[in-house]
Amino acid sequence: MHAPAPKPDAGLLDDLPGELMMWVLIVSELLVFGAGLAAFLSVRISDPAGFAAARAALDPALAGINTVVLITSGFLAARSLDLRLGLKRAAARWHLAGAMLLGAVFLAIKFQEYAAKAAEGISTDTHAFFTFYYLLTGFHAAHVVAGIVLLGLVAWKDAPRNIEAGAAFWHMVDLVWVLLFPVIYVLG
Amino acid sequence: MKYQSQKVALAYFAVALALFAVQVLGGLLAGWIYVSPNFLSELLPFNIVRMLHTNSLIVWLLLGFFGAAYFLVPEEAERELHSPKLAYLQLAVLVIGTLGVVLTYVFNLFEGNWLLGKEGREFIEQPKWVKVGIVVAALMFLYNITMTVLKGKKTAITNILLLGLWGLALLFLFSFYNPSNLSLDKQYWWNIVHLWVEGVWELIMASVLAYLMLKLTGVDREVIEKWLYVIVAAALFSGILGTGHHYYWIGTPGYWQWIGSIFSSLEVVPFFAMMSFAFVMVWKGRRDHPNKAALLWSLGCATLAFFGAGVWGFLHTLHGVNYYTHGTQITAAHGHLAFFGAYVSLNLAIISYAMPLLRGRDPYNQVLNMASFWLMAGGMTFMTFVLTFAGTVQTHLQRVMGEYFMEVQDQLAVFYWMRFGAGAAFVLGAFLFIYAVAVPRREVIQPGEAAGVPAE
């Protein structure tokens, strides 16, 4: 073993809380969803009436419930880190389990929504609105699945550093939904 | 050179450079056919010349990657290569396969034969026996390198390099699957072509660049590794779904247009990061490494890759743009600068760094090597601009005005002449490079006294 070398100067990156790679991922995700929303709004300019008509087929109330579900889930994930830092490991794990459960509720409601759309014969090719609808909410739902798996992993390997990374990802999933919900379900 | 078995790289680099010569001569010939279309049309049709030009490129780049891995893995793992003999055998397999391919293409031997005939899918038209040979060679290579790393020290550079090389070999397996549905055929085909150059090859590129930066600038490994991980994450994040930008017009569902547009737009990020990485490391580095040619190639590689792959790629990656530019000279402009900037320059950088060590000489003849850099980089940049203008005119005349393809081609003649000139300058540069690393035994020009001047 040798003496620890003086820490190389990596600049601002060292001041970030949590895992650097998680931040890289979060920024990348926000870029992708941001670009998707920007594209959605750009295409909408060319056909506002068509977009409004297509939006009428959606169910904002259900999506509103989902918003509450996901934000509550995010709250539980955030509390879990506090509890873990306060050395209440069991409580932290229960909170993570709660966050995962609410994530599953979100997916169940989402699945209902997709099933209803499919029953009406609405596919990705029905209208440009639905291409974006399926792409953006579908990508988001895939991230909810990934987030649930990640929360499960950090509940198992529950070092505070891990929980912080898992919660950061989960908040990103939250944030993306909070952006998607008004733009797709309400604004149309 | 610390380890005897690194010497294997010399053989790989030699064969790679020989194929590089063949490739650029093929390019020159193809460029001439553009201005004089009937040249050799009976003897060596354009489609065959083009195939040789692109395939010899791919093969020599791969040989260069293998050579780079054999050179840097022993040093990173701090032990001799698992089996130098196996490495030479692997090279022999690849050379025999390559010769088989060239003979089969040029004379169109065994047409239609399941095992021996060419298969007719661009880039992966190799006869089946050659494909099997490539897989066998890849297995020998992966076994050899992986054993070396497993027994030795594991570093981020070798981990990323191995990840890239394993991905490269596994993705090639798609070449054995040839569905009769043309849309599916193209979709799987892109899983090799795209996921190589805009996926796993970027991992190889980033790790080799990281190795060069480590050696040339003396920046701490810890800093370099942090950059490396960020670059690799950005490359995979954007590159994998970026494949969608090849699915616009092949019969896949329409949503690929948005997936492809959005993710491939982000493909510029890893290339920008690699360019920033190279320059920041050089600014931060305190080591004044004597091998200036290797440094020039490394920085040139990162810069030209950013413009060729990043900027010129973005130029026509959005589906609204690509609807008009698809398959015009814009594509050719992007293809040339991207391959040269990213992968040719990377190979020439590691060769410039390794050759003096492999041959037991001090960095020598850097002046000629650096002159060859400027000839090649200048020639290729000029060619890129020329083809971009040609592509813009072509897009307008052919895709907007609806003129016939051949009528438009006639109007592009002036650009094709200039492209031939740029290509000739490039070929000159390529031969100068080969001469510079192969022949001279002492410095052509003694280094100046600048190093002795105290800093301000």
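# Exercises on a predicted two-chain model

Over residues 61-81 of chain A, the chain is 100% helix and 0% strand, with end C-alpha atoms 31 Å apart. The model is predicted. Work through the exercises below.

**Exercise 1.** Find which residues of chain A UniProt lists as "transmembrane region", then describe the chain over residues 168-187.

*Solution.* Start with the record. The unreviewed UniProt entry gives residues 20-41, 61-81, 93-111, 132-156 and 168-187 of chain A. Now take residues 168-187 of chain A.

**Exercise 2.** Describe the side of chain A that touches chain B.

*Solution.* Count the contacts. On chain A, 15 residues are in contact with 18 residues of chain B. Next, locate the elements. Two helices of chain A, α1 (20-46) and α5 (128-156), each supply at least two residues of this side. The largest share comes from α1(A), with nine residues. Finally, sort the residues of that side of chain A. Ten are nonpolar, four are polar and one is charged.

**Exercise 3.** Divide chain B into its domains, then examine how domain 1 of chain B meets domain 2 of chain B.

*Solution.* Chain B has domain 1 (1-153), domain 2 (181-278) and domain 3 (290-444). Then take the spacing. The C-alpha centres of domain 1 and domain 2 of chain B are 22 Å apart. Now count contacts. Six residues of domain 1 of chain B are in contact with six residues of domain 2 of chain B. On the domain 1 side, five are nonpolar, none is polar and one is charged.

**Exercise 4.** Name the residues that touch the most other members of the largest nonpolar core, and list what I231(B) touches.

*Solution.* The largest nonpolar core holds 190 residues. The residues touching the most other members are A206(B), L209(B), I231(B) and M274(B). Turn to I231(B). Leaving out residues up to four places away in sequence, I231(B) touches A206(B), P270(B), A273(B), M274(B) and F277(B).

**Exercise 5.** Decide whether L29(B) is buried, exposed or partly exposed.

*Solution.* L29(B) sits in helix α1 (residues 8-35) of chain B. Count its neighbours. There are 19 other C-beta atoms within 10 Å. Apply the cut-offs: buried needs 20 or more, exposed 12 or fewer. So L29(B) is partly exposed. Compare one pair. L29(B) and N108(B) are 79 residues apart in sequence, and their C-alpha atoms are 19 Å apart in space.

Key:
Residues numbered from 1 in each chain as written. Chains lettered and ligands numbered in written order. Predicted model: local features only at pLDDT ≥ 70, side-chain atom pairs only at ≥ 80, totals over all residues. Contact = placed C-beta atoms within 7 Å. Helix = DSSP H or I, 4+ residues; strand = E, 2+ residues; numbered from the N terminus. Nonpolar A, V, L, I, M, F, W, Y, C, P; charged D, E, K, R; others polar. Domains from an automatic or database assignment. Core = buried A, V, L, I, M, F, W, Y, C linked by C-beta atoms within 7 Å. UniProt positions renumbered as here; feature names shortened; annotations may be inferred.
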